[in-house]
Amino acid sequence: MADVKLDNIKKSYGDVPVLHGIDLDIKHGEFVVLVGASGCGKSTVLRLIAGLEEISSGTLEIGNRVVNRLPPAQRGIAMVFQSYALYPHMSVYKNMSYGLKIAGKSKADIEAKVREAAKILHIDHLLDRLPRELSGGQRQRVAIGRAIVRDPNVFLFDEPLSNLDAALRVKTRVEIGKLHQELGATIIYVTHDQVEAMTLGDKIVVMNQGRVEQCGTPLELYQHPTTRFVAGFIGSPKMNFLDGKVAEIGNGHVEIQLGNGCRSRACVETGTLKIGDPVTLGVRPEHLLESAGAGTVLVGDVTLVERLGEASYIYMTLADGSEIVVRGSGDSTVTTGERIEVSFAPRNAHLFDADGRSLRRLEAGNVHSTAELAQMKTVGQES
């Protein structure tokens, strides 16, 4: 079993703390993605797991074995670096077999493992080539193959796609996803690209300033972010935020007076909110409609339209200077300089308190009007 457990892991460089107590429980076969802005500590976590950095305090277990003091070679891990790190004077075959040769494996064992890995990665026709004769994507597959032949307990990927062009990045991302399905291996993957995180990960760990901000499945983070930071990081384009104050608190909803003069409703658990409390309303670009439909209506001037074919990203400025993005249809006729109305339903609104904590959204089936609640109470009494 290749479970990985981090218990209160801390890391400091001298007097400067960079990780403030990381707790993670990664199950065998999971694809876990560490994501966050540059400098958040995600690569440091990966290097600690790999044994390339020393843990300041806390316990790291791999396969139910404490490995804090074990060298990298004894941890049962294989790491794929951003820079490929291939030997330029060695063929693809020799690059993939070198680690096995150093480990004293037999020629027959090495031959079988290299051929099998090359077949999985579709590079078996490239085994005699040198790295300089390969494309960026092929080099990355060689680096992955070098990790596969070691048959590790855990694969570690440190931003492996960042050096590839856009089209190749998408193709290689799909290949890595398929590879995980085929191998059933435990993978810990670091990236700053939230699209990679959403498409690859069984579980996503969002990091912020050396701490785990939220951990969960892609849909959990998308639908129920626990903080404003996570809400703004997950999703592309990112969530729109509008400042306001609590105007009214109902049963299962909050009325918000927005700074642009509009009044909006969010179907959330009201928690400890009080009338007049400052809050932030969040709504994703894909939940804004290019019409003044039911729900909250926002009026603004179009400053830019990005036409992508399948969708149009409409950038707007509201009366109070707030800027929002609308994901419109691909055949939208909106033009720059036009004043338009957009709307969104209360069930699609997110609400954050003054400290940036999210108030949990209620499912549509759990939100009732005052009249419905009174009727439900009457029925209960009659029963």
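Contact here means heavy atoms within 4.5 Å. Keep that cut-off in mind for this tour of a predicted model.

**Stop 1: the core.** Select Phe157. Leaving out residues up to four places away in sequence, Phe157 touches Leu46, Val80, Ile144, Ile176, Ile187, Ile188, Tyr189 and Val190. Phe157, Met96, Ile144, Ile176 and Tyr189 touch the most other members of the largest nonpolar core, which has 45 residues. In soluble globular proteins, nonpolar side chains tend to be buried together.

**Stop 2: a surface patch.** Go to helix 2, residues 92-102, and pick Tyr98. Tyr98 has 32% relative accessibility, so Tyr98 counts as partly exposed. With Tyr98 they make up a nonpolar surface patch, and their accessible area together is about 290 Å².

**Stop 3: a loop histidine.** Move to the loop between strand 10 (240-249) and strand 11 (254-258), and select His253. Is His253 buried or exposed? His253 is buried, because its relative accessible area is 10%, under the 20% cut-off. Show the side chain of Arg265 as well. A polar contact of 3.3 Å joins it to the side chain of His253. Beyond four places in sequence, His253 also touches residues including Glu248, Ala266, Cys267, Val268 and Thr270.

**Stop 4: a strand residue.** Finish at strand 16, residues 323-329, and select Glu323. Glu323 is exposed, with 63% relative accessible area. Apart from neighbours within four places in sequence, Glu323 contacts Asn240, Met316 and Thr317. Then select Leu242. Glu323 and Leu242 are 81 residues apart along the chain, yet their C-alpha atoms are separated by 8.6 Å.

Methods:
Residues numbered from 1 in each chain as written. Predicted model: local features only at pLDDT ≥ 70, side-chain atom pairs only at ≥ 80, totals over all residues. Heavy atoms only, no water. Patch = residues over 30% accessible without salt bridge, like charges linked within 9 Å, V, L, I, M, F, W, Y side chains within 5 Å. Areas by Shrake-Rupley, 256 points an atom, 1.4 Å probe, with all protein chains shown as cover. Salt bridge = Lys/Arg side-chain N within 4 Å of Asp/Glu carboxyl O. Helix = DSSP H or I, 4+ residues; strand = E, 2+ residues; numbered from the N terminus. Buried < 20%, exposed > 50% of the residue type's maximum accessible area, 1.4 Å probe, protein only. Polar contact = N/O pair within 3.5 Å; in protein donor to acceptor, adjacent residues only side chain to side chain. Core = buried A, V, L, I, M, F, W, Y, C linked by side-chain atoms within 4.5 Å.
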